[in-house]
Amino acid sequence: MHNDKERAGNFFEDFNLGQVIRHGTHRTMTDGDASVYLALTGARQAAHSSTTAAALMGFANRPLDDLLVFNIAFGKTVPDISLNAIANLGYAEVRFVEPVYAGDTLHCESVILGLKENSSRKSGVIYVRSTCYDQNDRTVLSWVRWVMVHKRRTASRAPEPFVPGFDDVVPLNQLVTHASVSSRDALDEWCESTGSRSMWEHFSVGDRINHLAGMTIEEADHMSATRLYQNNSRVHFDALVMRDSPSGRRLVYGGHVISVCRALSYDGLENVVSIMAINAGAHVAPTVAGDTLYAFTEVIQKWKLPGRTDMGALRLRLVGLKNAMPAEVDSRHADASGGVYHPNVVLDLDYTVLMPRQHIG
Amino acid sequence: MHNDKERAGNFFEDFNLGQVIRHGTHRTMTDGDASVYLALTGARQAAHSSTTAAALMGFANRPLDDLLVFNIAFGKTVPDISLNAIANLGYAEVRFVEPVYAGDTLHCESVILGLKENSSRKSGVIYVRSTCYDQNDRTVLSWVRWVMVHKRRTASRAPEPFVPGFDDVVPLNQLVTHASVSSRDALDEWCESTGSRSMWEHFSVGDRINHLAGMTIEEADHMSATRLYQNNSRVHFDALVMRDSPSGRRLVYGGHVISVCRALSYDGLENVVSIMAINAGAHVAPTVAGDTLYAFTEVIQKWKLPGRTDMGALRLRLVGLKNAMPAEVDSRHADASGGVYHPNVVLDLDYTVLMPRQHIG
Amino acid sequence: MHNDKERAGNFFEDFNLGQVIRHGTHRTMTDGDASVYLALTGARQAAHSSTTAAALMGFANRPLDDLLVFNIAFGKTVPDISLNAIANLGYAEVRFVEPVYAGDTLHCESVILGLKENSSRKSGVIYVRSTCYDQNDRTVLSWVRWVMVHKRRTASRAPEPFVPGFDDVVPLNQLVTHASVSSRDALDEWCESTGSRSMWEHFSVGDRINHLAGMTIEEADHMSATRLYQNNSRVHFDALVMRDSPSGRRLVYGGHVISVCRALSYDGLENVVSIMAINAGAHVAPTVAGDTLYAFTEVIQKWKLPGRTDMGALRLRLVGLKNAMPAEVDSRHADASGGVYHPNVVLDLDYTVLMPRQHIG
């Protein structure tokens, strides 16, 4: 009964260095996607919530939430890249290049940058750069991830290992800024729309914000989000199959964890205009329904933007926790140096955001 | 680690008589919000379901559901007003002034009308009038609520108590009517779109309608609705924190209870065009996931509208019940006179709707 | 307290042969509905996901998912036809006539084609043809279903039984094709958007595809879908009432089962452009929350379309299973011949789809 129409996804043997994969399921983004995203994550970022706020930052229209776009783009790569993944090990060089508006149609392409069989010979790691384009073939987003994938057969021969290097941080000269503040009045109105006057100058390297909000995850919520992204990885949906897995149950898609933690981190970061880059990211531990997520943010670095006085960049570390309040987890223990994270850490995300400055020309 | 970026919300001490608060999170409303609202509440009112039905009532486009607008507006006030609320005690003088269409952007402002410390000195009640504006600063909605809020410290001195008075009912001359019926044909087509010919004349003061439908509430449903409204009150979302609360679990946002009960009350009230006012409202008991909601409606008052033969107003009482059918609860026991409600009553809402009349010019 | 405003739905006695019923709740379809549908079903069909893909198939815009339209239309008939239904016994002659786009407003009408009291005299079966129209009164969809409905009183006299006959299959000359492929380039681009090159020629009668994906159903998911369709049948929503039913709990709306099974069947059928007809369908067993759905597809028949070289029709059988993988259920046991289905079969759907051909002019 088995035939070639049963799409079982690719295994480690199916990938080759330099291979280019064009992904299916092109997707037109709409205001409907924005509303469903809000309903599932509780996101409140001003530029994505309001056309008038977006206009104050110089956008032609309300740009869709950066992480909605990221998750949609990611979902397209799943059938070809990670349907047989054991784990999504990390992200790097995630660059948000163009804002996406309702009506834009997205499609993605990936290239295999590296491969390395595991010592068990049962699986291997692939390093993939994926790029998301709009209907005019403009790049809107690109990212690297490395994924542990099952081999079809332990005995099959692996290619020569090749592990590429990635930037620790997306450098300043690769950050793209579409927003701008035209006047002090525009800035004042923006601050009204966000409810905060904490701008770029207000933050110092080393600041830590313990976000108070928590969000308990339901099966219906994470599955709806993951379906919205047309991500068809069965670990998120099939309770029967997952009964025999280590967790014994469905796993929450990591991108949903990122979205929820970012939504939790809104308070204190109200004036963030957009995400410019994700420098590094790791899903430190799995999340399942019933877990309650919390988050804290640390300010890692501050950059002025060349030739700009209206905007600056902040490099932030967003740490996601399950079933533990931020006050219970100190920054050292949310750290893999020494190889040990606090057992309640689920997400460690290093990312760069755009934020208005107080003094404009 | 505590710093001013940890937004802990306002406490009783932070409010002053006459204080004006401009709320953040401006919000552009879309057709996507309308669809999510339908999916979470089961609302079926004709003018909000269909552009052609809305046109028959003289609307420029399909107005968004009045309670969707109310809940969105309410959500904006939460971070400043009720993040530390113990209970939302009541509503008054809720006036629906302008219809809201997809594309409109809403923002809100509140003024503190009254304050009174509780005898325990641990908390106090604040009386707040909030107003919701569109992108042209036109008022679309205003309402009063009073909220019991924690004090930061029992010892802190309270201001002179001031308890304002409110109208028992939004008077006829403050009701705004945007709808109109241009012809008998338009009325006939409208009735086809609603599936009912029960118009204003059909209702008598004292009528009671026991709505047959029931709706069991799931955690994912009430949380998604509350997130759609960008209402970030933690009591709705954080199961871990709520484990130590009196209910032992997350509470359903009262506005979701209102929306669900109103959706349940559709049968028998199909020809309602819009909500003109909420005269008074109380969340009589908490609702949690697993509860099944039912509703009955009583007709309290009927008004002709001055100079209008096409439309009339009905003042209704919507009583929401949990885990008890309407037939089990008589009208006397759904009443706080004598101070005792039937234990299954969760909502007592006195509101005024617009309904077409049978005989037009 | 009972009065005529308590809409209790129609009973067997209320239906007459030839009776025409115009259904309420006209509905404007939007991109928001499309997004909610994706989030609840995981649908990935190309023409419904992307305006650019839809344009390659000659559509003026992105048509809404055929099953979203079907479920919305079906929902309108529930208050009048099946509020007191015991079971939805079968479908026939479901014809998809016009694509529906965001902005279209749908309404429905039904005619009673047949009636037959059951031997118990407690219930009867009604045969109904329903037709869905757009705002210009063009037919977009029509279908027949037969439903077992409670009688109000066992003693009441039944009309002369009349059981109409239906076509086993919607004949080729009644299938309507709106799509077309204008060039080989368009076809190539389409295949990129679907991620598959398996076209009409690739399928043979007798092929069976065991779809790998599974989807566990949550209460919030099926209720949200059913509310989106404004289907108010209480068996889907009211856990308290259903506690005393045979299942002891809420039942998943059969249309949601169809939508989920079709979404599961995407892999292997990526190039399907649209559903042209449902020839026959039966909900073989109930589905409840917690069940995990799987599906397999069999190719029953292949048709060339008269005068067309760009497109062909495939008649498929979609079998939905609960809590059993397709590999565990052979085709014979998913069959009512002999009257016995495998106990895990929930859906048996015979439908016809439109698919591009490899060789175009």
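Modeller: Starting with burial, 58% of the 361 residues of chain A count as buried. Buried here is 20 or more other C-beta atoms within 10 Å of a residue's own, exposed is 12 or fewer, and partly exposed is in between, with C-beta atoms placed from the backbone. This is a predicted model, so local features need pLDDT of at least 70 and side-chain atom pairs count only at pLDDT 80 or more, while totals for chains, interfaces and linings use all residues. Residues are numbered from 1 along each chain as its sequence is written, and chains are lettered from A and ligands numbered from 1 in the order in which they are written.

Colleague: How many helices and strands in chain A?

Modeller: Chain A has eight helices and twelve strands. These are DSSP runs numbered from the N terminus, with helices being H or I of at least four residues and strands E of at least two.

Colleague: And what is the radius of gyration of chain A?

Modeller: For chain A it is 20 Å, close to the 21 Å from the globule rule for 361 residues, so chain A is as compact as a globular protein of that length. The radius is taken over C-alpha atoms, and the rule is 2.2 Å times the number of residues to the power 0.38. The C-alpha trace of chain A spans about 65 × 50 × 35 Å along its principal axes.

Colleague: What share of the contacts in chain A join residues at least 24 apart?

Modeller: Among contacts between residues at least 6 apart in sequence, 80% do. A contact means C-beta atoms, placed from the backbone, within 7 Å.

Colleague: Switching to the copies. What rotation superposes chain B on chain C?

Modeller: A rotation of 120° with 0.0 Å of shift along its axis, at RMSD 0.0 Å. The two copies are thus related as by a three-fold rotation axis.

Colleague: Which residue of chain B comes closest to the rotation axis?

Modeller: B:Gly32, with its C-alpha at 2.2 Å.

Colleague: How many residues of chain B are in contact with chain C?

Modeller: 42 residues of chain B, against 37 of chain C. Elements supplying at least two residues to the chain B side include α1 (31-41), α5 (184-194) and α6 (219-228) of chain B. α1(B) gives the most, with nine residues. By class, the chain B side has twelve nonpolar, 20 polar and ten charged residues. Nonpolar covers Ala, Val, Leu, Ile, Met, Phe, Trp, Tyr, Cys and Pro, charged covers Asp, Glu, Lys and Arg, and the others, Gly among them, are polar.

Colleague: Do the copies meet through the same or different surfaces?

Modeller: Different surfaces, because only 17% of the interface residues of chain B are also interface residues in chain C. Where chain C meets chain A, 42 residues of chain C are in contact with 37 of chain A.

Colleague: Helix packing next. At what angle do α4 and α8 of chain B pack?

Modeller: Helix α4 (residues 66-81) and helix α8 (residues 254-264) of chain B pack at about 180°, with their axes 10 Å apart. That makes α4(B) roughly antiparallel to α8(B). Axes are lines fitted to C-alpha atoms, for helices over the stretch in contact, and angles run from 0 to 180 degrees between N-to-C directions. Under 35 degrees counts as roughly parallel, over 145 as roughly antiparallel, 65 to 115 as roughly perpendicular, and the rest as oblique.

Colleague: Which residues meet there?

Modeller: B:Leu67, B:Phe70, B:Asn71 and B:Phe74 in α4(B) meet B:Gly255, B:Ile258, B:Ser259 and B:Arg262 in α8(B). By class, the contact has four nonpolar, three polar and one charged residues.

Technical notes. Contact = placed C-beta atoms within 7 Å. Least-squares fit on C-alpha atoms with pLDDT ≥ 70 in both.
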